[in-house]
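Subject: Structure handover

Hello,

Here is the structure you will be taking over.

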Amino acid sequence: MADIQGSYDELFTAVPTALAALIDDGDVGGAVAVFVDGEPVVDVWAGFADTGRTQAWERDTIVNVFSVTKTMTALCALVLIDRGKLDPDAPVARYWPEFAAAGKRHVLVRHLLSHTAGLPDWEGPVEELYDWAAATARLAGQAPQWEPGTAAGYHSATQGFLVGEVLRRITGRSVGEFFAAEVAGPLGADFHIGLGPEHDHRVALTVPPPGRDEDYTASAANRDAAAAAPTTATALRVRDGNSLAWRRAQIPAASGYGNARSVALVQSVLACGGTVGGVRVLSPEGCERARELQFEGEDRVLGMPARYGLGYGLFGSALGWGGWGGALVWVDPDERLAIAYVTNQMREPAADNRGIELIMAAQDGIKGLRAT
């Protein structure tokens, strides 16, 4: 059985047992954290940070969580809404005048957050994702594919730039800067959007699925609602996601780096009415906005049913999202519960149930906890 590091409450033994089974089944490395009432009841990791399996996954190992990053960007937007700086019912062009071009004058901020703005496709080269000014200028000039607000299509790469530019216009700071100063810093969370070189030694590079190499791509054929990644005109490859350029860039839909502990800690804000460890990030009302249903129906891009709130996928009373390769965050405010899973080991999305298995294991622990 894989060697599990970290700590956990005995009521949650099923969680580290499930993680060990994944490593025993061939995964390279990963970590799981479960927070209840803003405190960790599970914080475990196992396996290796490199494909050669020579470097153990450590407590402070971090990994690219791809689209789980969207939940961090959404939280920043919710903070500004809570402070009265951002109106979700306002036209995007109120904050970003250039965005009104090409028939987008009536696109609302809430459309950006709910994948209903009609701008799901990244039409530029991968390299342009690393150039904020070029990426946002491209999107400002793009015409919507449908009447905004009438349909949803997962904005895999574009959502972060769209929401992020609105935030930048309001605050004068990039998403990464705002997140660090207003969310991660106060909470003490080791999560980064735009990773500095001082952290490079801690990064576990992404490992393609078994039988694949670093040219494995994020395309429509290998994504679903819990494992979606940026889709580009020149398809994003694993080698792109592992590049220094990707790491240094701020791609607020997909280039966030952290560990399970940091993801669960940050998203515990929504599980706990806005305050974690004595730090208030949102009001209770601000937290509830995340669960306000914006769209329910068939997602045009994913080709499957979806429910979107303000920046989060909705799953019954819970909310969260997943990333290409398997990372996942799940928040249940009714149970004051946040669960995060991160890994460097990709699997083919159609056969990847790891996150769901870990959520189910954690929920067994919650039942036991509430019974005591």
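Predicted model: local features only at pLDDT ≥ 70, side-chain atom pairs only at ≥ 80, totals over all residues.

Residues are numbered from 1 along each chain as its sequence is written, and side-chain values use heavy atoms, with hydrogens and water left out.

Helix α11 covers residues 354–371; helices here are DSSP runs of H or I with at least four residues, strands are E runs of at least two, and both are numbered from the N terminus. Its buried residues (under 20% relative accessible area, 1.4 Å probe, protein chains only) include Leu 358, Ile 359, Ala 362 and Ile 366. Seen down the helix axis, the buried residues of α11 fall within an arc of 165 degrees (taken from the directions from the axis to the C-beta atoms), so they line one face. Lys 367 and Ala 371, both exposed (over 50%), sit on the face turned away from that buried side. Among the elements covering the buried residues are α1 and β13.

Arg 261 belongs to helix α9 and is buried, at 16% relative accessible area. Arg 261 touches Ala 33, Phe 35, Asp 43, Trp 45 and Arg 59, leaving aside residues up to four places away in sequence; contact means heavy atoms within 4.5 Å.

Regards

Definitions and conventions
Expected span 1.5 Å × (residues − 1).
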